[in-house]
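The following note sets out numbered comments on the structure shown below. It is intended to be read with the sequence and the coordinates at hand.

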Amino acid sequence: MRRTIFAGLIGLVFGTGIAISGMANPAKVLNFFDLAGDWDPSLAFVMGSALLVAAIGYFFVLKRDRPILEPRFHLPTNRKLDASLLAGSALFGIGWGIAGFCPGGAIPALGLGESAAWIFVAAMLVGIAAAKTARDALRPRVAKTV
Amino acid sequence: MTEFTPLVSLLGGALIGLASVLLMAFHGRIAGMTGILTGLLPPIAPDWAWRAAFLGGAIIAPALMVLLTGYDVGFASPVPTPWVIIGGLIVGVGVFFGSGCTSGHGVCGMARLSPRSIAATAVFMGASFVTVYVVRHVLGGF
């Protein structure tokens, strides 16, 4: 229960940060990527300060033996730069450049009651679910050929 | 045209960073929206409760902020609806196979100097710059 409540509170901090920063605003995001147009450099400040705070915070947090509410840290262990990572990221960038929403920006935008955010998130969930299904369907075949 | 907002963007970014640090400190988890969302789609992860709570908090936050402070969270979507849908589908497939998005790779992964996250962030940011250039200045679109 404590885990759930704390996660909710941390979600509030995250959503507030996204809303204040402009990441939930597709017009602002697209103008950041529009170097040849009316460039709005704001998002560089968002990512810069988020990264700085996270890097300093992680430095101290990850020195601990374990997190406060859980027995261990859940950190990704995969170190390979594989085709899935690179092709997936390229696709994500293309979609972000088309719609102006990334997942972390779109979810808090739902709370603004904007229909574009709801339409985007619905389509994105269909995309994630389809990708998940495709990977699970392919996996046994891949395993057999190895 | 959107206004350049360095101060609120720095403040907002700091809060995003703070949320990432808190989720690692309390739950030992990467604050990546893709990973958190994926665990809530079937087959639903056994630890769905914290994921749903984080998501709920993130959705309520902007509404609360507007209600309590009257702060104007600017919002405009210049993109026609069919392209919002196409963009959403592409983002969904991309973040799944890319194992993360701006929050997971761009903030959390970069902050711990993960080579995968650094590569992913370079690729998706680069792809976004190119896409917007093509959409706006080559195709003359939105």
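1. H3(B) is bent by about 35 degrees at Ala61(B), and a proline, Pro62(B), follows within four residues. The model is a predicted one.

2. The length of this helix is consistent with its residue count. Helix H3 of chain B covers residues 48-69, and its 22 residues should span 32 Å at 1.5 Å a residue; the end C-alpha atoms lie 31 Å apart, which agrees. Just after H3(B), Gly70(B) adopts a positive phi of about 75 degrees.

3. Several residues of H3(B) are buried, among them Trp50(B), Arg51(B), Phe54(B), Ala61(B), Pro62(B) and Met65(B). The buried residues of H3(B) pack against H1 and H5 of chain A, together with helix H1 (6-27) and helix H2 (33-38) of chain B.

4. As regards chain B as a whole, there are six helices and zero strands. Its C-alpha atoms fill a box of roughly 45 × 40 × 30 Å along the principal axes. Of its 142 residues, 58% count as buried. Among contacts in chain B with a separation of 6 or more, 42% come from residues 24 or more positions apart.

5. At the interface, 102 residues of chain A are in contact with 99 residues of chain B. On the side of chain A that touches chain B, H1(A) gives the most, with 18 residues. The residues of that side comprise 64 nonpolar, 27 polar and eleven charged.

Technical notes: Residues are numbered from 1 along each chain as its sequence is written. Chains are lettered from A and ligands numbered from 1 in the order in which they are written. This is a predicted model: local features need pLDDT of at least 70, side-chain atom pairs count only at pLDDT 80 or more; totals for chains, interfaces and linings use all residues. Two residues are in contact if their C-beta atoms, placed from the backbone, lie within 7 Å. Helices (H or I, at least four residues) and strands (E, at least two) are DSSP runs, numbered from the N terminus. Ala, Val, Leu, Ile, Met, Phe, Trp, Tyr, Cys and Pro count as nonpolar, Asp, Glu, Lys and Arg as charged, and the others, Gly among them, as polar. A residue is buried if 20 or more other C-beta atoms lie within 10 Å of its own, exposed if 12 or fewer, and partly exposed in between; C-beta atoms are placed from the backbone. The expected span of a helix is 1.5 Å times one less than its number of residues. The bend at a residue is the angle between axes fitted to the seven residues ending there and the seven starting there.
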